[in-house]
Amino acid sequence: MIVEDFIPKSSSKSIEKGSFTWSSPSNIALVKYWGKKAHQIPENPSISFTLNNCKTTTTLSFSKKETNNSFSFEVYLDDEKKDDFKPKIETFFKRVEVYLPFLKDYHFKIETSNTFPHSSGIASSASGMSALALCLMSIEKTLSPSISEESFTKKASFLARLGSGSACRSLEGNLVVWGKHIEIDGSSDLFGVKYPYQVHQNFKNYQDTILLVDKGEKQVSSTLGHNLMHDHPFAQERFKQANKNLSDIISILKTGDLDKFIALVESEALTLHAMMMTSMPYFILMKPNTLEILNKIWAYRNTSGSKVCFTLDAGANVHVLYPENEAAQVLEFIQNELVAYCQNGQYICDVIGLGANKM
Ligand code: DP6
């Protein structure tokens, strides 16, 4: 598909007002997206587990307005007006206007809430932007009812990407690939696709316990972070490595080889942070407690033979990943040895999930 395919022909129906609600989860990348070209095109393909419990629920109410020369919207988080969210949404609207020609015809009220604490350091952009994109697609479907379910999801992912790249991986479960990769049929730079190949039972209900090490505002916004990959001395090697890791993960997912899975996933996490440490300007996004946790996980793995591992986002929090059959032991280990390193002892238990839902 090409970008032009997402520009609607003409709509057959009209609607004065209404409202739609979608709930959409966050996701955690195994092979990371870090670095992008113009128009939110990723420098390398990525793959993520869709989460189940960390979600954003968004209600989009809309009513026709008199004039259609500008965007008109208001945003609420947990019933509180959030004008500081507006610039990001305005940018999103500008990027998607050509694909949703009705955007300036309506006034929108966007009401959103997260299941995870705001400012927990958990990015709400993936869940938030995917939920908003789905609500907008529900309007498009009302105007053009013939759109198929498949095209609906594909375009919603395409739009979500223009809000936040990783958001395009949040619509479906439980493994999603975004970015063209020669070995993955149907993969595209324009939208996320469900991972199309065999996945071993070992990964069924895979657990993700998110340790909230630092709940502060992100030190480096993702936009700034991605930009650091321009002119980065190791960028091209990194993009090559991500492509290779995506090739390698295909057989890992098929055979259920957890040792290889651990090595690949932890290496990806540390490489992401290494890229930030070796850019100009440079950043260390881990905190001392992040390192304490990684060392504890390695020590526990050595002594117990557990298949627990970690991954990281562009921040200090740690995602602890482990198979379902180890859930009880690993949770005990987390409570006994890791929670002490979390801010206010906070952590969130999640598991891989199936994607977004219309409410
Ligand atoms: C480290 O999707 O937040 O989480 O496209 O600028 O909104 P923008 O970036 P964003 O970047 C996420 C980066 C990451 C890795 C990943 O999720 O693949």
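**Exercise 1.** Which of the 16 residues around the ligand come nearest?

*Solution.* The structure is a predicted model. Within the group of 16 residues around the ligand, those that come nearest are Tyr33, Lys36, Ser164, Gly165 and Ser166. By class, the shell around the ligand consists of five nonpolar, seven polar and four charged residues.

**Exercise 2.** Determine what lies 2.7 Å or 3.2 Å from an oxygen atom of the ligand, and state how much of the ligand the protein covers.

*Solution.* Step 1. Consider the side chains. An N or O atom in the side chain of Ser164 is 2.7 Å from an oxygen atom of the ligand. For Gln40, a polar side-chain atom lies 3.2 Å from a ligand oxygen atom.

Step 1. In Gly165, a backbone N or O atom is found 2.7 Å from an oxygen atom of the ligand.

Step 2. Consider the cover. On its own the ligand has 460 Å² of accessible area, of which the protein covers 94%.

**Exercise 3.** Explain why the ligand is said to lie between domain 1 and domain 2.

*Solution.* Residues of the shell around the ligand come from both domain 1 (3–198) and domain 2 (201–351); therefore the ligand lies between them.

Key: Residues numbered from 1 in each chain as written. Predicted model: local features only at pLDDT ≥ 70, side-chain atom pairs only at ≥ 80, totals over all residues. Heavy atoms only, no water. Near = heavy atom within 4 Å. Polar contact = N/O pair within 3.5 Å; in protein donor to acceptor, adjacent residues only side chain to side chain. Areas by Shrake-Rupley, 256 points an atom, 1.4 Å probe, with all protein chains shown as cover. Nonpolar A, V, L, I, M, F, W, Y, C, P; charged D, E, K, R; others polar. Domains from an automatic or database assignment.
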